[in-house]
Amino acid sequence: MAIVNATDQNFKSEVENGTVLVDFWAPWCGPCKMIAPVLEELDQELGDKVKIVKVNVDENPETASQFGVMSIPTLLLFKDNEVVDKWVGFQPKDALLEKLNAHL
C-alpha cells in the first residue's frame, strides 16, 4: 500500500478502519527527513497490515492540534479510529517494527 498524505479535511476517513500509523511532520524538520525512508521501508514490509499516513503540520494545523502534537516527528498508531500508541522523535526501523508488531 502506498503512503497517504492526509489533510485536515480527510484525516478522519484515513484512520477510521484498521491499523494506521500516522506521521506528523514538516518539510523543514531534520528528524522528519531521517524517518521518511524508514517509513517507506515499513510500508514495503507491512503495507498489507499497516496503513501509513503522513500529515504536514504546517499545512494541517487543526489535526496536529487535535492530537496535541508539540514536537515532530510524532507518530500515532490508530486501531479502528482509536489512538493505541504514540512515539515522539526519530525511531529506528527495528524499534518501530517491534512496537508495530505488538499491535498486529
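Is D23 buried or exposed? Select D23 and find out. At 0% relative accessibility, D23 counts as buried, because buried means under 20%. Keep in mind throughout that this is a predicted model.

**Stop 1: the D23 pair**

D23 lies in strand β2 and K54 in strand β3, so the pair ties together parts that are 31 residues apart in sequence. Side chains of opposite charge can pair when their charged atoms come close.

**Stop 2: the largest core**

Now select F11, V22, F24, V55, I72 and F78. These residues have the most contacts inside the largest nonpolar core, which has 18 residues. Colour the elements that build this core. α1 (11–15), β2 (19–25), β3 (51–56) and β4 (74–79) each supply at least two of its residues. Which element gives the most to this core? The answer is β2, with four residues.

Zoom in on V55. Set aside its neighbours within four places in sequence. V55 is then in contact with A6, F11, V22, D23, F24, W25 and N60. D23, from the previous stop, is one of these contacts.

A second, separate core comes next. Select L21, L39, I52 and L75, which are among its 14 residues.

**Stop 3: the β4–β5 hairpin**

Pick L77 and look across. D85 in β5 stands opposite L77. Then go to the turn. The hairpin of β4 and β5 has two residues between the strands, and D80 takes a positive phi near 50° there.

**Stop 4**

How many salt bridges does a search of the whole structure find? It finds four. For another, select K93 and E41. Their side chains meet in a salt bridge of 3.0 Å, N to O. The pair links distant parts of the chain: K93 sits in helix α4 (residues 93–101) and E41 in helix α2 (residues 30–46), 52 residues apart. E41 is partly exposed, at a relative accessible area of 37%.

At 41% relative accessibility, E45 counts as partly exposed. Show the three residues together. Salt bridges that share partners join E41, E45 and K93 into one network.

**Stop 5**

Which residues of α4 are buried? Select L96, L97 and L100. Look down the helix axis. These residues cover an arc of only 100° around the axis, which puts them on the same side of α4. An α-helix has 3.6 residues a turn, so residues three or four places apart point the same way.

Finally, show what covers the buried residues of α4. The cover includes β2, α2, β4 and β5.

How values were computed. Residues numbered from 1 in each chain as written. Predicted model: local features only at pLDDT ≥ 70, side-chain atom pairs only at ≥ 80, totals over all residues. Heavy atoms only, no water. Core = buried A, V, L, I, M, F, W, Y, C linked by side-chain atoms within 4.5 Å. Buried < 20%, exposed > 50% of the residue type's maximum accessible area, 1.4 Å probe, protein only. Contact = heavy atoms within 4.5 Å. Pairing = 2+ DSSP bridges. Arc of directions from axis to C-beta.
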